[in-house]
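Take a look at the fold below. We start with a sheet, then turn to a helix pair and the chain as a whole.

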Amino acid sequence: MVAIKLHELSKSYQHPVINQLNLTIPDQQITALIGPSGSGKSTLLNMIAGLTTPDSGQISFDDQPIFDAATHFNQPPAQRHLAMVFQDFALWPHMTAQENIAFALEKHLTKPELVAQVNWALEQVSLIDYRQRYPHELSGGQQQRVALARAIATQPDLVLFDEALSALDPELRTRLQLEIRTLIHDHQLTAIFVTHDRQEALRMADHIVLLRAGQLVQAGTAAQLYQQPQSQFAASFMGTLNQIDAHQAIRPEHVVVSRPNITRPTYQGIVRSSTFMGDHFDTCVQVNNYDWHVKTELPYSPAPITLSINPHQILTY
Ligand SMILES: Nc1ncnc2c1ncn2[C@@H]1O[C@H](COP(=O)(O)OP(=O)(O)OP(=O)(O)O)[C@@H](O)[C@H]1O
């Protein structure tokens with residue numbers, strides 16, 4: 001439970017990586033940090049964690065400063081009441097699941113308190129029966145659950161995920177995305193996760209922050225970023241875009257192959273290809289000078305085609 005404010009936060013290495021960033025990350029929500037490779041997502045996460053020191057600006061948790069470059073105040077990571085979950089799980093190979101979790105806990109706990117806390121954390125991730133297994137005796141998904149249990153066992157206010165699910169296969173990844181979402185909300189935690197995967201951001205996040213070259217492009221709910229992008233960059237980053245002109249576009253799900261006597265706006269195009277995608281064909285059509293993607297039930301051969309769109313779904317930026 002913690003709302004995070006970043007004020008004029010900057011970090012440069014050979015070049016600016018985070019550039020005078022102002023941002024509020026809401027309390028008790030899951031925020032996804034997304035953006036192209038190199039946009040500064042991990043650097044930002046590490047600055048919030050206290051693992052990277054910003055060059056300038058401030059960070060506060062619930063209006064309490066935890067970093068202030070002007071006064072040289074920098075609260076150590078261990079005092080920030082947060083936990084991190086990484087892509088490579090970062091478990092100790094020579095320790096069992098329960099030992100890995102116990103190792104992260106405070107040393108002043110009595111033995112019964114320690115056991116109760118470890119068991120509680122293992123139960124939250126449905127791994128109580130696996131507590132005596134070593135990491136190499138667990139699947140990738142189970143190892144990531146141990147890492148998650150270790151994070152919540154410390155009862156943090158904030159959990160930071162850095163590409164935490166990237167190493168897992170798609171099915172397991174989807175399952176863990178939903179499990180983590182439930183866990184974070186049930187325990188009223190604040191979570192920030194960095195991901196490359198916009199589907200993951202759409203599925204998991206209450207709030208999305210889109211970065212580009214260390215600057216904020218847009219922040220809002222998943223629906224706001226997808227349906228009301230404020231720039232072409234945000235529109236195309238959030239999903240496939242069929243460009244109408246420089247400032248207008250439409251998503252593939254709002255375009256259909258036109259039937260006669262349709263009253264909606266139509267566009268003439270030429271089919272370039274139809275690719276089988278399992279539950280539909282991705283039919284690529286050249287409309288004016290743009291390539292449009294249309295979800296069709298059947299394949300189309302290269303030939304002229306008329307498409308119609310839902311005008312209420314045009315994105316304007
Ligand atoms: N410790 C460092 N020393 C020098 N340069 C760094 C360091 N950490 C990050 N950078 C540079 O900062 C830029 C942003 O890196 P960062 O890892 O934050 O981006 P990212 O958005 O998380 O990228 P990716 O999605 O590829 O992980 C990159 O150009 C990177 O090379």
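This is a predicted model: local features need pLDDT of at least 70, side-chain atom pairs count only at pLDDT 80 or more; totals for chains, interfaces and linings use all residues.

Five strands form an open sheet in the order β14-β18-β15-β16-β17, with antiparallel pairing. Strands here are DSSP runs of E, at least two residues long, and helices are runs of H or I, at least four long, numbered from the N terminus. Two strands pair if DSSP finds at least two bridges between them. From one strand to the next, the twist averages 45 degrees. Inside the sheet, β15 (residues 266–276) and β18 (residues 304–309) run antiparallel over five bridges.

Residues are numbered from 1 along each chain as its sequence is written.

Now the helices. The axes of α4 (residues 140–153) and α5 (residues 170–186) come within 11 Å and cross at roughly 15 degrees. The two are therefore roughly parallel (angles under 35 degrees count as such). G141, Q144, L148 and I152 in α4 meet L172, L176, I180 and L183 in α5; contact requires C-beta atoms, placed from the backbone, within 7 Å. Six of these contact residues are nonpolar, two are polar and none is charged. Leu and Ile count as nonpolar, and Gly as polar.

Overall, the chain has eight helices and 19 strands. Its C-alpha atoms fill a box of roughly 75 × 50 × 35 Å along the principal axes.

Key
Axes are lines fitted to C-alpha atoms, for helices over the stretch in contact, and angles run from 0 to 180 degrees between N-to-C directions. Angles under 35 degrees count as roughly parallel, over 145 as roughly antiparallel, 65 to 115 as roughly perpendicular and the rest as oblique. Two residues are in contact if their C-beta atoms, placed from the backbone, lie within 7 Å.
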